[in-house]
Amino acid sequence: MLSNFNVVVKLLTIFRPIFRVLSDYYGAGRRIFWRGDNMLGCNCFVWSRVTDLIQPGSDYFSLPDPIPHWPQGSGFATSRIGLGELDVCQITRFEFVWGCNLSADGKRGVSFYKPISIPDGFFCLGHYCQSNKNPLRGFVLVAREMAMRNNSCYNMPPLSKPVDYSLLWSSNEGDDDESFDGCGYFWLPQSPEGYKSLGFVVTNTSEKPDLEEVKCVRLDLTDTCEAYGLIMDIRSRFSKMPLSIRNTRPLHRGMYGRGVSVGTFFCGYSFSSCEELSIACLKNLDSNLHAMPNIDQIHALVTHYGPTVFFHPDEVYLPSSVSWFFENGALLYSNSSSSIGQAIDSQGSNLPNGGTNDGTYWIDLPCDNNRRQNLKKGNLESAKLYIHVKPALGGTFTDIVMWVFCPFNGPGTVKVGLMNISLSKVGEHVGDWEHFTLRVSNFSGELWSVYFSQHSGGEWVEAFDLEFIEGNKSVIYSSKSGHASYSRPGSYIQGSSKLGIGVRNDAALSSYCVHSSRKFEIVAAEYLGVKEPCWLQYMRKWGPSIVYDSRTELDKIIDVLPPVVKNSMRNILNKLPLELYGEEGPTGPKEKNNWIGDERW
């Protein structure tokens, strides 16, 4: 009996926290928040109509150090930007409206906000949304009409209030009690003819928002936007259809794109990348791009934000300056004299300029083995970051693109499950150009995010997810041999990380580093007319084309495996990146898509 009693006591002790939760919820007259087991790995939220909606704390993110006073001149960092007939201001302070929480601490949830502290004369264009797992950091633009509109050929004002609101979705949908205050209501402003809505409005009551809550914008002052990056799917017990919440961005981006991100979100019952959205973004009609930084301000930005680039402690193929590469034996070859290379002067003034990569010229290492090996290793002391400055998101942000040059890209390592296979030649090529990009707000000069280029792709990392090493200077980890950029040390897979199959990219801290805040050269800023170096006009290959016999190299590995796993291994190796089987001679920065276009995201 005593033994049974002890068992019961242990069981009660184990389940006591559960009983306490049940008591707390039912004691308060509440229903238990539930979710299906299949919700654990997805961005879909389910709640009862009386679930706890915990307001997240106003945990605003700020950079480690205060933003300095930038050098004077132009309209950079003056808090307001003119887009033609509209002035816009970036609002980063918000008031919580409604949210959904999937966990007791609210971290696995999403919250919706309205902008506050809007300057006099400016009007809201839509509400803001973000995940609770991140500190509160985002923006929406507010707008006002310019005092003078002499150049306008329209009789209609730039801004107009909506004629009505349509209820898109409610978490209380399908319930008889339409006045329940704990629910979220999503409203689409109905714009007058000739105008477009730029965002949605969220309320926590069933009453329609005031018609003065937001403004619609005249159609010619807007640009097409697209939805991307699922924030969450909301599914209520009282609604048959889930509401998909996504971020928005201008469709036309890059150096010459005029689309301006408003910072609002898109929501709808279904989503197709081809469909035209019910909302738009703004368009910058000011061709002068007066909010872009001048040359003194660029120097100040790079000095303040320039990251430290760390190379792997086992890195053999380090970076160098372009002039060191030329001075130490790099040769120019052409189809007309493929066996005889021509020496290149330190500035690259004898390289063919302009044109396109037509395959008629390429750069290669010298034939002498000692000089060849010396050139492959690079020269860290001479290395610097080559900077291209360009407008982003219609000139409301500045992209500071930092290019690093390595004379040689080393061989790869293939990871197949727990196996790591070092390749002797595969992945090697001459002349490796890699980059990362700092995106800075032209409203304030604040670092907003950093793009980490990783071979054929990359990712944007928000400022709150960066690793800072000194003040507002972040860290870039360059992977061993391949020189891809990462925000954290670790081992990354180019291929299928889910299956653990692909090319390894190992990144780690070491004494091999380049401080971009001190060692940089501004080589291009088209809007300022910066004089570009001769070598930047070279549009042909910075290395010869190579065809690898990687299949033979990999087949040798398969041959030593037990017969029962050979066929499976062959199927796995077929999933490896195509780059393993050949390498076109790499081109220089100006031939990359992101020179004019936006980053791949």
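Which residues are buried in helix H2 (residues 295–305)? In this predicted model, they are Gln297, Ile298, Leu301, Val302, His304 and Tyr305. These residues lie on the same side of H2, because they cover an arc of only 165° around the axis.

**Around helix H2**

Strands supply cover for the buried residues of H2. Those included are tabulated here.

| Strand covering H2 | Residues |
|---|---|
| S25 | 385–392 |
| S26 | 397–409 |
| S29 | 429–441 |
| S30 | 447–454 |
| S33 | 473–478 |
| S38 | 520–524 |

The N-terminal end of H2 is capped by asparagine 294. One of its side-chain oxygens sits 3.2 Å from the backbone nitrogen of aspartate 296.

**Nonpolar cores**

The largest nonpolar core holds 44 residues. Within it, Phe112, Phe186, Ile234, Ile245, Phe265 and Leu282 touch the most other members. Strand S16 (residues 225–236) contributes the most to this core, giving 5 residues.

**The whole protein**

The protein has 601 residues, and 52% of them count as buried. Its secondary structure comprises 6 helices and 38 strands. Among contacts between residues at least 6 apart in sequence, 69% join residues at least 24 apart. The accessible surface comes to about 27,100 Å². Carbon and sulfur atoms account for 51% of that surface.

Methods
Residues numbered from 1 in each chain as written. Predicted model: local features only at pLDDT ≥ 70, side-chain atom pairs only at ≥ 80, totals over all residues. Heavy atoms only, no water. Core = buried A, V, L, I, M, F, W, Y, C linked by side-chain atoms within 4.5 Å. Buried < 20%, exposed > 50% of the residue type's maximum accessible area, 1.4 Å probe, protein only. Helix = DSSP H or I, 4+ residues; strand = E, 2+ residues; numbered from the N terminus. Contact = heavy atoms within 4.5 Å. Areas by Shrake-Rupley, 256 points an atom, 1.4 Å probe, with all protein chains shown as cover. Arc of directions from axis to C-beta. Polar contact = N/O pair within 3.5 Å; in protein donor to acceptor, adjacent residues only side chain to side chain.
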